[in-house]
Each structure stands twice: as structure tokens, then as C-alpha cells.
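Thanks for coming. Please keep the display in view while I talk.

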Amino acid sequence: MNRFAYRWACFCVMPLLAGCHGVSLLEDLDERQANEVLAVLLESHIPAEKIRAGKQGYAVQVERADLPAAVEIVRLRQVPAPPRRHVDRSFAADALVSTPQAERARLYSAIEQRLEESVSLIDGVVSARVHVNYDVTDAPPNRTTAAPTHLSVLAVTQPGVNEDVLIASIKRFLRNSFGQVAYENISVIVTPTPAARVAASSGRHATPSRASWLGWGGGAALVAIGVVLASRRRVRSAARRWRRKA
């Protein structure tokens, strides 16, 4: 009976372990990229897990049944974002001779980064890119007035955002951030985040998954086996006591 119970327990537990086994969606990520992918998947109701892979960084795993939907979501949301190369890195600060062009490029690159961080905090904005139109060359001697400053913004927004209100808010913010920029010299382009097609996955997660059913079934089977074994032990013990008394 013990051998039969052991085999039956293995038969119940092995499908459960197979159903819970995850597959790698993305690998060789840093922690910021892994958290970004994890947040997007959980927002789309797809269970995911961040795995530390040692020197290889981090990996994101999902259930095998969720892999097609997860790949689609990652593609549409364009995550993880690659490390952005800023303009100031093209002009090393520790150069032997620092030119006025390099100083100006580093200054405006820092301004762009700060503006991007601020615009991304506006309600409804997922991410933003800000570009300042500036001349890195020295002004000619005969120029008496500085060239007008132009600002361009590309904002990725959540679906359903009022674009007119958002554009007006971004322009007003940038106009007050630059004293020498005119309102008409600020261009804002708004593009919504594409909605992922995960209807099938969302519907599947609305009900218990296959792994959940296997877990309940395997647990119930193990409990039943334990009850049967305990009952047989009690019966055998009672039979032995009755024989001794007889």
C-alpha cells in the first residue's frame, strides 16, 4: 500500500510542477528594465516573475500559456526601453581642452533631461522626449540678436487622455521654463500607447488557470491518500489488539 501511495502521489504532483514551470520571456536585463517589463505585464493581468541570473543580470519569466500574449504586450508597449545615449556623453567633461561648443552641448542636454523628467510627471503621460533647438557653433561676429529657441516634445500618453488639454498644459509648462521661447515655437506631438490585444489572456485569468486546477486536484489527492493510509493503520492496530485479547 505504501508503494502504491508513493506512486500515486508522484503521479499527482508531477503535472502540478510541470504546469507551474515558467519560461523566460526576456533575459540579460538590468534591474530597471526588468521592473519595467514586470510592471507592464502585471498591469495587463499576466503573472510574471523577475529572476536574478547572476552576472547575466535579470530575466523575466511567465507561464508557458501566457508567452504569446506577453510577447505581444512587450512588442506593443516597446519595453524594455534601451539605455538612452545623451548628447553630453559625446563631449567628455574630462577632456584636456573644453570647447565652448562642448560646454553648450552638455548644458542643453542636462536641460532636456530635466524637462523630460518633469513632463513625464504630468497626469496621463507615460514617457516624454524633449528636444531643444540650439546652435552648437559660435555665433558669427555680425549677428546682433540671438536666434529664437524652439522646443519639440514627443509625449506617449495613456489611452483616453484629452489631447487638447494635455498639449496646452505641456506648452504652458515649457513656456514658463524658458524665458526666451515664444509660445508658437513650442511643438508638441502626442501619441497614445497602443492597447495590447490580450482579451484571450484576460479571459483565461478571470477563471482558475490549469495550474490552479492541478494544484487543487493534486492537493485533494494527497489528502485522500493520507486519510486512507491513516484509516488502514487504525484498522490494522485494532485488529492486532483484538487478536492479542483473543
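His45 sits in the loop between H2 and S2; helices here are DSSP runs of H or I with at least four residues, strands are runs of E with at least two, and both are numbered from the N terminus. The phi of His45 is near 65°, a positive value in a residue other than glycine. Most residues other than glycine have a negative phi. His45 counts as exposed, at 53% relative accessibility. For these classes, buried is under 20% relative accessible area, exposed is over 50%, and partly exposed is in between, with a 1.4 Å probe and protein chains only.

Before going on, the conditions. This is a predicted model, in which local features need pLDDT of at least 70 and side-chain atom pairs count only at pLDDT 80 or more, while totals for chains, interfaces and linings use all residues. Residues are numbered from 1 along each chain as its sequence is written, and side-chain values use heavy atoms, with hydrogens and water left out.

Asp28 also has a positive phi, near 55°, and is not a glycine. Asp28 is found in strand S1, and at 56% relative accessibility it counts as exposed.

That brings me to the sheet. Three strands form an open sheet in the order S1-S3-S2, with antiparallel pairing; two strands pair if DSSP finds at least two bridges between them. S1 (22-29) and S2 (48-52) are at the edges with a single partner strand each, so one side of each has no neighbour in the sheet. From one strand to the next, the twist averages 25°. S2 and S3 (residues 58-63) run antiparallel and are joined by five bridges. Lys50 has Val60 in S3 as its bridge partner.

Now the helices on this sheet. H2 packs on the sheet and touches S1, S2 and S3, and its direction makes about 165° with that of S2. Contact means heavy atoms within 4.5 Å. Axes are lines fitted to C-alpha atoms, for helices over the stretch in contact, and angles run from 0 to 180 degrees between N-to-C directions. H3 lies across S1 and S3, at about 30° to S1.

How do H2 and H3 meet, and at what angle do their axes cross? The axes of H2 (residues 31-43) and H3 (residues 67-77) come within 10 Å and cross at roughly 115°. Val37, Val40, Leu41 and Glu43 in H2 meet Ala70, Ile73, Val74 and Arg77 in H3. By class, that contact has six nonpolar, no polar and two charged residues; Ala, Val, Leu, Ile, Met, Phe, Trp, Tyr, Cys and Pro count as nonpolar, Asp, Glu, Lys and Arg as charged, and the others, Gly among them, as polar.

One more loop. Thr149 lies between strand S4 (125-133) and strand S5 (150-157). Is Thr149 buried or exposed? Thr149 is buried, with a relative accessible area of 9%. Leaving out residues up to four places away in sequence, Thr149 touches Val132, Asn133, Gln180, Val181 and Asn185.

Finally, the whole chain. The protein has seven helices and six strands, running α-β-α-β-β-α-α-β-β-α-β-α-α from the N terminus on. Of its 246 residues, 28% are buried. Among contacts between residues at least 6 apart in sequence, 67% join residues at least 24 apart.
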